[in-house]
Amino acid sequence: DRTRAPDGTEQPFDVDGRHPAGGELAVERVAPDDSHRILNGSSQISVSVSCERAMDDLLGGRYRLGEELGRGGMGTVYEALQEGLGRRVAVKLLDPRLAEDREQLERFRREAEVVAALGHPNIVSVTDFQYEPQPFLVMERLRGESLGSLIDRERALPASRVAFIAAQVLSALGAAHSAGVVHRDIKPDNIFLLSDAAVPDTVKVLDFGIAKLAPLSSMGAQAKLTSTGAMLGTPAFMAPEQARGESDVDARADLYAVGATMYQALTGRTPHEAASIPALLFAIVEKLPAALGDLRPDLPRDFVAVIDRAMAKNRAERFADAGEMRRALSPWSGLPASLPPPVSGEAATIASGRIEPRTATPIVLNRTPAVAQPTTPEPAKPGAPFPLLATILASVAMLCVAGVYVATKLASLSSRPQRRRS
């Protein structure tokens, strides 16, 4: 919206070439990355116009952008209308600067492929991905709020509500982990709570942008996007091994993040707080958080133990997998303890790059205690005393009915006048 002239002053302009000070500016597109050259007399200024701000045509030939829904490190999310179907969707546009980085572009493409392949009811669905005119992916349009927004508003949540939300997140992670995918950025802002679902607090896990594939992506050894010393994730929810920059981060880092997310949802604060990122990372690696039981003495001891185990410094002491942690939470979540079985061969399929969508087994969400339903009693086994007794009683009843009938007929005959003999 403003350009910097050679003399250092900022000049406002619009993309049609009109300048508030008067006169016309010639706008000439000179590069495919939306760089424009502004010519104004002897002044020559280069500016960058965001594709999403200047675009009048349909994105990808079918999506008309609407209001901005949010911004993140990878780009911006907009509501959009899918022409032809009249369907509201969410479009995530990769930041143009990141699109020039091969590694970032690969990470963005991989997010689309991974999420589309998982197809889990608690993971946001991706329906399209295109490179032009700017790399973007298309997701289902969600209505509701993030867990982060809910925590900001209500501070400390009840244990049953937190367990219910966490169990759904673990269901989504169980599907991802079975496919060889580690999310690496589980946090309240990436857990979306639907407002228009039949069951309140239905979860959608967002943002697989920094997910790790095991063992490697389809690009082979050269596509390894994380090396020793590289930290990916949100510091406050990083597992100690992530904070140390280790390269062999596995699914148990996600379980730590779920525990840290539950901690914040229950207390309104993150497990570790510090004045700087280095101090925060040091605390995650070396220090224990304030005891959850002291901050929330009303919580059941066994419930606190689940979170403490998930956040163990040594990952070998955490839960073995998402399913085990989900089962541990089942007394408070109100959800079934078992996870849907993973599709066989899924991890190899995604890791090799041949990612194809699948249909996940839906999770039945039930937040109310189970109510016994009337059922027809099963017949007793042969030889049991109940059928014999019933037979005897039925026989006696039939004999009684027959006796009453005979007695009635005899009484009727005896009451008739007898004919006199001549």
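User: Which residue in β13 does E145 stand opposite?

Analyst: E145 faces L193 in that strand. This is a predicted model, where local features need pLDDT of at least 70, side-chain atom pairs count only at pLDDT 80 or more, and totals for chains, interfaces and linings use all residues. Residues are numbered from 1 along each chain as its sequence is written, and side-chain values use heavy atoms, with hydrogens and water left out.

User: Why do β11 and β14 stand at the edges?

Analyst: The open sheet of 3 strands is ordered β11-β13-β14, with antiparallel pairing. β11 (144–146) and β14 (203–205) each have a single partner strand, so one side of each lacks a neighbour in the sheet. From one strand to the next, the twist averages 25 degrees.

User: How do you know that helix α4 packs on the sheet?

Analyst: Contact requires heavy atoms within 4.5 Å, and α4 (residues 147–154) touches β11 and β13. The direction of α4 makes about 85 degrees with that of β11; axes are lines fitted to C-alpha atoms, for helices over the stretch in contact, with angles from 0 to 180 degrees between N-to-C directions. Helix α5 (residues 159–178) also packs on the sheet, touching β13 and β14, at about 40 degrees to β14.

User: Why is α3 called mostly covered?

Analyst: Buried means under 20% relative accessible area, exposed over 50%, and partly exposed in between, using a 1.4 Å probe and protein chains only. By that cut-off, 12 of the 17 residues of α3 are buried, among them F108, V114 and L118.

User: How do you know that the span of α3 agrees with 1.5 Å a residue?

Analyst: The expected span is 1.5 Å times one less than the number of residues. For the 17 residues of α3 (102–118) that should be 24 Å, and the end C-alpha atoms are 24 Å apart, which agrees.

User: What makes the largest nonpolar core?

Analyst: A nonpolar core is a set of buried Ala, Val, Leu, Ile, Met, Phe, Trp, Tyr and Cys residues joined through side-chain atoms within 4.5 Å. The largest has 72 residues, and F208, V258, M262, F303 and M325 have the most contacts inside it. A second, separate core of 9 residues includes L59, Y78, A80 and F136.

Notes:
Pairing = 2+ DSSP bridges. Helix = DSSP H or I, 4+ residues; strand = E, 2+ residues; numbered from the N terminus.
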